Amino acid sequence: MSSCTKYCFSCTITSPVVYILTNDRQQHTQHSLPATMTWTPPTIGSRPVVVLGAGVLGRRIACTFVSAGYNVHIRDPFPSAREAAIQYIDENKQEYAKFSSGRPDAHLTNPFGSYAAFEDIPSAVQDAWLVVEAVPEKLELKISTFGELDRYAPPDCILGSNSSSFKSRLMLDQVSAARRKLVCNIHYTMPPTIRTVELMTDGETEPAVFPFLSEVLRNCGMLPATARKESTGFIFNRLWAAVKREIMMILAEGISDAPQIDALWEHMFQAQVLPCKLMDQIGLDTVAFIEDNYIQERGLDSKLTVDFLRENYISQGKLGQKAGDKGGLYPPASSLPPSSPSSVSINSDVVSNKDSITSKATSVSVSNNNSVAPPEITQDLYILDVGLGGNLKSIPEVATNGKVLLRSAQTGKVTPIVTGLPAPDGIDVSPALGRIFWTNMGANVNAPDGSLLSADLDGSNIKTLIASGTGLITTPKQLVYVHDPTTMGGTDKLYFCDREGMSVHRINTDGSNHEVLVQRRPENGTQRDLTQWCVGIAVDIAGRRIYWTQKGASKANQGRIFRAGIDIPAGETPENRSDIELVLSHLPEPIDLELVRSDSELEDGITLYWTDRGEHPRGSSLNCARIQDRSLTGRVEEEEVRKEVKIIARHFREPIGLKLDLAANSAFVTDLGGSVYRVDLESGEKRVVFEDDGCYTGIASLPVTL
């Protein structure tokens, strides 16, 4: 069925309605634009905003418009994604409306717009006045999508791309010359938590489009900012780049030093974030890496910036806070007088950018809605806050808003013990070594700026095992600590996955002997094949195998679980090893992984447990599957494993971290929605341990005596 649409502001905004499309083929008009046109804003009336892509961000974009009274069509090829998007709007539009002023002509008794889900583009856009593209970050896909939009959207429809990686100019190969005046970047971050939207021209966009869109976005409760010319980094990142560049030149010319620059900045702007201090927190190697991009694009002279930095700091290991006793722009913290600007710890809630790693063994407890957890929890819990939650005060802080939290088994209180981390993801603990280990994804998931760190159990004595910017890892994810008693004297190892690096790694707990065990390669002809992204990792010491997840595209049911020997077969390489086996496929989006081998006989097999952040009803779940592995050399049969798959619990808010508590027949699960759960493995009952405005990834546990 379809709905009648009128092009007038006097149309009444109807109640939210979900439109169901039949299988009947519809005739769609291919619109043609005049060769030249004088632009006037499109008449909105009951015409819809169309959001292409019903994933995590797409559904949020849609909800911002619905909550302000604009009708919305969501297009996604996957039925589960469409259903989940509708459900998300059903459940969240009231919350979004709290910061929305609403469209000026909205009916006062019914402030919400209607919303519908569509499978194909022509049906979705036939009456659209605005389209926001939020499809996967593949340029070829975006080019073809904009070509289709140009053919089927009305002549006055504005076409925007949510891409953060590509300028909209690059998507115009199949777009007519006249339409290009209505194409631009419309870059959301993550509403409702972060409500900034940066607009940017494709080089030909009609200037009047931007104030028009800005007014609409303000009606939706967004905070729009317009870059009227194409700009690498949009607006804010360019401002920060300029500050860093001038600081490097001031230092290189011998005009001043870091403490004096920060003291001036602090007094002039009454600022809590100090630029030189922040550069040390980010890591001077990362500062140089980012500046290299601007140098290459603009042909800037590097002598007084990155060349100076590399010669006088980076080459000597003076990378900033992560360099420990070597320091950075500031000397090591232990050598600073108490009154020095850098001896004052920057509040973890107002730091910004990357690698601002701070130990806070005596910090204040995190407030939460359910601070007192069930008394039967007898483990200290180490939980990673990736930094994208409601506690993120502004976008620039995203790369240093990550934290390691400790929930005490004795008090039930949650305390940050390490702060200022660049997107921490995987964590584990070694009781024997008295250390915690964790991965940081880094500030740029497409750059090799991931890192691996460790600390004492209270967050002190931080050590870098793999430094950011070394090029060794890109986006390290889940990590597990393993003591292997089968080797002489026993060895302590860390195993972890590198998502964008498409690989599985092993390293000693002191940072030595770094090995790549599995190296996947793109199968789709590009360098960005999400089906090869390795995320979760589990190790079966008795069976001498590693298991890992490959998530696939977001909400695409492309997820898989693989296994291989714990060591590479003789004469083979990480790229061509012949012992890789497919355990399961067609999973929504598997993330973290754990396994349990039976206590009875070795041949009884193992049980895999994993979180899945994919779409409902199979996704956003905790799952398990039994593998009847009766021979150490036997091959696994996927069809047999599939029969054993069980959904233990579901309806999480994008679950990530997983840690089994077999003594209590339960598991701890974290999700990006800011909750930590305890799940009964038998009944599937979920119980909130605590929840707040964080955004949680990895979790580890340490048994204690109460």
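The model is predicted, so local features require pLDDT of at least 70 and side-chain atom pairs count only at pLDDT 80 or more, while totals for chains, interfaces and linings use all residues. Residues are numbered from 1 along each chain as its sequence is written, and side-chain values use heavy atoms, with hydrogens and water left out.

**Helix packing**

- The axes of helix α6 (residues 236-252) and helix α8 (residues 275-282) come within 11 Å and cross at roughly 100 degrees, which makes α6 roughly perpendicular to α8 (a word used for angles of 65 to 115 degrees).
- In this packing, Trp 240, Val 243, Lys 244, Ile 247 and Met 248 of α6 meet Pro 275, Cys 276, Leu 278, Met 279 and Ile 282 of α8, where contact means heavy atoms within 4.5 Å.
- Helix α8 also packs against helix α9 (residues 284-298) at an angle of about 95 degrees, with the axes 5 Å apart, and the two are therefore roughly perpendicular to each other.
- The contact of α8 with α9 is made by Met 279, Asp 280 and Ile 282 on the α8 side and by Leu 284, Thr 286 and Val 287 on the α9 side.

**Helix α9**

- The buried residues of α9 (buried being under 20% relative accessible area, with a 1.4 Å probe and protein chains only) are Leu 284, Asp 285, Thr 286, Val 287, Ala 288, Glu 291, Tyr 294 and Ile 295.
- The elements that cover these buried residues include α6, α8 and α10 (303-312).
- Just after α9, Gly 299 takes a positive phi of about 70 degrees.

**A buried strand residue**

- Thr 226 lies in strand β8 (residues 223-227) and counts as buried at 17% relative accessibility.
- Apart from neighbours within four places in sequence, Thr 226 is in contact with Leu 199, Phe 210, Ser 214 and Ile 235.

**Aromatic pairs**

- The whole structure holds 11 aromatic pairs, a pair being rings of Phe, Tyr or Trp (its six-membered ring) with centres within 6.5 Å, called stacked if the planes are under 30 degrees apart, edge-to-face if over 60 and tilted otherwise.
- The ring centres of Tyr 70 and Trp 129 are 6.1 Å apart with planes at 45 degrees, so this pair is tilted, and both residues are buried.
- The rings of Phe 652 and Tyr 677 have centres 5.1 Å apart and planes at 85 degrees, so that pair is edge-to-face.
- Phe 652 is buried, with a relative accessible area of 2%, and Tyr 677 is buried at 8%.
- Ring pairs also link Phe 65, Tyr 70, Trp 129 and Phe 212 into a cluster.

How values were computed. Axes fitted to C-alpha atoms, helices over the stretch in contact; angles between N-to-C directions. Helix = DSSP H or I, 4+ residues; strand = E, 2+ residues; numbered from the N terminus. Parallel < 35°, antiparallel > 145°, perpendicular 65-115°, else oblique. Buried < 20%, exposed > 50% of the residue type's maximum accessible area, 1.4 Å probe, protein only.
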